[in-house]
Amino acid sequence: MLFWNKVFSWYLTRNALPYWCILVVDCFSILVAGMLAIYLCMGGEIFVANFWHFLFVWSCSLPLFCVGMRTFHTYSGIFRYSSFSDLLRVSCAVFVGIILTTIVYYFANIHFLAGFPKFRIFFITFLLAMVFLWGIRIGAKYLFDTVVKDQATQNVYIYGVQEGGIALAKSMRNDNPRQFLVKGFISGKSENINKFILGVRVRKADEEVVKAMRASQANILFVSPLLSEAFRENGELVNALTKAGIKIMMLPAAETWDGKSSLQHSRLREVDIEDLLPRDKIEVDLNSIGKLLYNKRILITGAAGSIGSEMVHQVASFNPAELVLIDQAETPLHKVRLFIERAYPTLKCWTIVGSICNPTQMEQIFKHHRPEYVFHAAAYKHVPMMEDNPSMAIQNNTYGTRVIADLAVKYGTRKFVMISTDKAVNPTNVMGCSKRISEIYCQSLDRAIRQQLDSLSSSPIVLKQIDGSPAVTQFITTRFGNVLGSNGSVIPIFREQIRRGGPVTVTDPKIIRYFMLIPEACQLVLEAGTMGKGGEIFIFDMGKPVLIAELAQRMIDLSGAKNVEIKYTGLRDGEKLYEEVLNNEEHTKPTIHPKIKIAAVREYPYQQALKNEEDLYKLSFTYDDMKIVAKMKEIVPEYKSHHSRYETLD
């Protein structure tokens with residue numbers, strides 16, 4: 001009695017009502033299938049004459065089918081979310097019902113089918129019941145997917161028709177309540193065009209697809225993670241989508257998908273402009289980097305800056321023995337400190353507020369911590385600011401670099417990696433030239449160390465070596481262009497201008513720049529530091545240049561802002577229309593990494609480089625801009641000012 005009470009209390013509750021509805025529909029379908037099978041096997045005359053008898057006896061067999069349904073829970077699902085596994089359970093349930101019916105009829109000696117092919121009837125019943133039950137579920141799912149739509153459901157297209165695109169479409173169908181309805185796929189392969197996948201058409205990846213999206217009221221495009229690069233390369237399609245105000249959803253740049261594991265559309269987010277800039281995927285040998293930095297004492301200058309802080313994040317992940325972070329910006333450095341305390345609570349980390357131009361403080365730091373690796377990211381970088389303040393460019397960028405470089409040699413640092421810029425190539429501004437002079441000093445210092453070790457002679461390069469053993473510091477320089485999202489870069493400026501309603505200011509309609517993501521740039525710095533043997537200037541393949549005016553227009557379109565114009569203001573002091581990566585007199589050598597090359601540059605004797613630095617440093621305290629820049633041009637003959645008051649010196 002207790003058992004039956006439990007059964008009725010479960011089956012007859014309000015929450016169980018949908019189960020009963022599905023059960024009734026399934027039972028009715030099986031009944032129709034059985035009667036139709038009898039009709040097909042016995043003929044119409046016998047079927048009509050014994051209709052009620054057949055109906056009664058066959059209805060009595062339905063509880064046997066219910067056993068299979070209960071065993072495989074065919075009525076516990078929701079029709080509109082049916083999947084292949086649901087159809088398989090239905091097949092198993094019907095098969096169990098047929099087997100039980102056959103057994104019961106045989107042992108009960110029921111003769112209502114005497115003289116007729118029972119096996120044939122049961123087999124046809126099995127097939128028809130499966131067709132009916134499958135058809136009901138597939139039909140309900142199709143109707144829900146194509147006709148029934150919640151007011152909040154949004155129509156979408158998916159870029160990609162293989163694993164990624166299909167996975168996204170399936171994950172959308174599993175939403176409850178339904179958020180997105182797939183209205184079409186987009187493919188770049190001609191063999192897929194105009195075919196149907198999951199009941200919707202595959203269209204060509206061109207500007208015409210925007211019209212189809214508008215016609216179907218689809219305002220969102222999901223991009224398969226496997227085709228992100230191909231999508232970025234299709235500039236015409238990207239521009240057409242952004243101009244049409246279609247929201248583009250992609251996997252964040254920092255995330256990847258292996259093409260095999262489950263993929264949820266919720267992982268995708270609305271793109272920023274950084275996600276749409278064409279670039280090749282950058283891969284580095286993390287194992288080699290990890291072996292190099294694991295359990296080592298590492299010092300990073302400029303640790304609170306855009307590049308420096310990302311270097312901190314990446315280096316900390318390799319479990320160094322000690323991390324020494326230097327920056328003169330207190331508040332940003334405090335943020336870095338909080339990050340380390342939260343993310344790496346066991347890491348020994350010192351955050352030191354100080355200037356690389358203070359040799360006394362820097363010496364104390366080197367003396368106490370004895371860093372094995374130095375990543376030198378501290379520098380003044382804004383071109384217009386340094387055009388107005390050349391003395392500070394010299395005191396910070398050139399002299400500050402010399403202070404850290406000399407201390408690295410004095411205290412036996414293994415590798416000194418300096419982060420330079422493409423503006424050091426054929427410099428047209430004070431900032432670029434100050435970095436080129438720093439490159440010259442570091443490279444000449446490295447060469448002098450090698451010569452001293454080879455000749456075993458006394459040389460002025462020996463800088464108070466430790467424990468009487470010669471320093472063998474390897475000096476490595478890395479050059480690259482603009483990094484996306486760095487402090488003071490054009491993208492944050494454009495974003496703020498758009499927020500205010502414009503205008504968006506671009507210096508020249510023809511100006512182009514190379515861009516790279518900050519994490520990617522830092523990974524290449526670490527990779528170059530790993531492969532460098534000393535004296536190299538590594539340059540990075542920055543990919544394709546970006547027209548800044550087109551970048552600004554795309555940001556306006558992405559924002560959805562209306563009536564925001566682009567205003568051309570003219571080139572700023574010292575600004576180029578395009579950045580170079582190598583001097584005209586330079587050429588490159590390949591490395592094991594396709595994105596990293598070695599620049600074969602003109603070399604300078606150490607004594608000359610040192611004297612030039614010392615003379616320039618002394619001159620910087622006169623604060624006579626013309627004399628300072630004239631000296632810089634003397635040191636770097638290829639420095640030709642552009643759109644600057646210093647052009648009179650050329």
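## Glu208

At 48% relative accessibility, Glu208 counts as partly exposed, a class that lies between buried (under 20% relative accessible area) and exposed (over 50%), with a 1.4 Å probe and protein chains only. Glu208 belongs to helix α9, residues 208-215; helices are DSSP runs of H or I of at least four residues, strands are runs of E of at least two, and both are numbered from the N terminus. Between the C-alpha atoms of Glu208 and Ala240 the separation is 8.9 Å, and the two residues are 32 residues apart along the chain.

## Basis of the values

The model is predicted: local features need pLDDT of at least 70, side-chain atom pairs count only at pLDDT 80 or more, and totals for chains, interfaces and linings use all residues. Residues are numbered from 1 along each chain as its sequence is written, and side-chain values use heavy atoms, with hydrogens and water left out.

## Salt bridges

Side chains of opposite charge can pair when their charged atoms come close. A salt bridge is here a side-chain nitrogen of Lys or Arg within 4 Å of a carboxyl oxygen of Asp or Glu. The count by this rule is 19 salt bridges. Lys410 and Glu363 form one of them, at 2.6 Å from N to O. Lys410 is buried at a relative accessible area of 14%, while Glu363 is partly exposed at 22%.

Arg602 and Glu638 form a salt bridge at 2.9 Å, N to O. This pair links distant parts of the chain, 36 residues apart: Arg602 is in the loop between β22 (596-600) and α23 (606-620), and Glu638 is in the segment after α24. Arg602 is partly exposed, with 32% relative accessible area, and Glu638 is buried, with 16%. In the salt bridge of Asp650 with Lys633 the N to O distance is 2.6 Å. Asp650 is in the segment after α24 and Lys633 in helix α24, 17 residues apart. A network of salt bridges links Arg297, Glu372 and Arg414.

## Helices α18 and α24

Helix α18 (residues 390-410) packs with helix α24 (residues 625-635) at an angle of about 50 degrees, and their axes are 9 Å apart. Axes are lines fitted to C-alpha atoms, for helices over the stretch in contact, and angles run from 0 to 180 degrees between N-to-C directions. The two helices are therefore oblique to each other, since angles under 35 degrees count as roughly parallel, over 145 as roughly antiparallel, 65 to 115 as roughly perpendicular and the rest as oblique.

From α18, Pro390, Ser391 and Ile394 meet Asp625, Ile628, Val629 and Met632 of α24. The residues of this contact divide into five nonpolar, one polar and one charged. Nonpolar covers Ala, Val, Leu, Ile, Met, Phe, Trp, Tyr, Cys and Pro; charged covers Asp, Glu, Lys and Arg; the others, Gly among them, are polar.

## Glu527

Glu527 sits in helix α21, residues 518-531. Glu527 is buried but has no salt bridge, and the nearest side chain of opposite charge, Lys415, is 10 Å away; Lys and Arg count as positive, Asp and Glu as negative, and His and the chain ends are not counted. Leaving aside neighbours within four places in sequence, Glu527 is in contact (heavy atoms within 4.5 Å) with Val284, Asp285, Ile289, His593 and Ile596.
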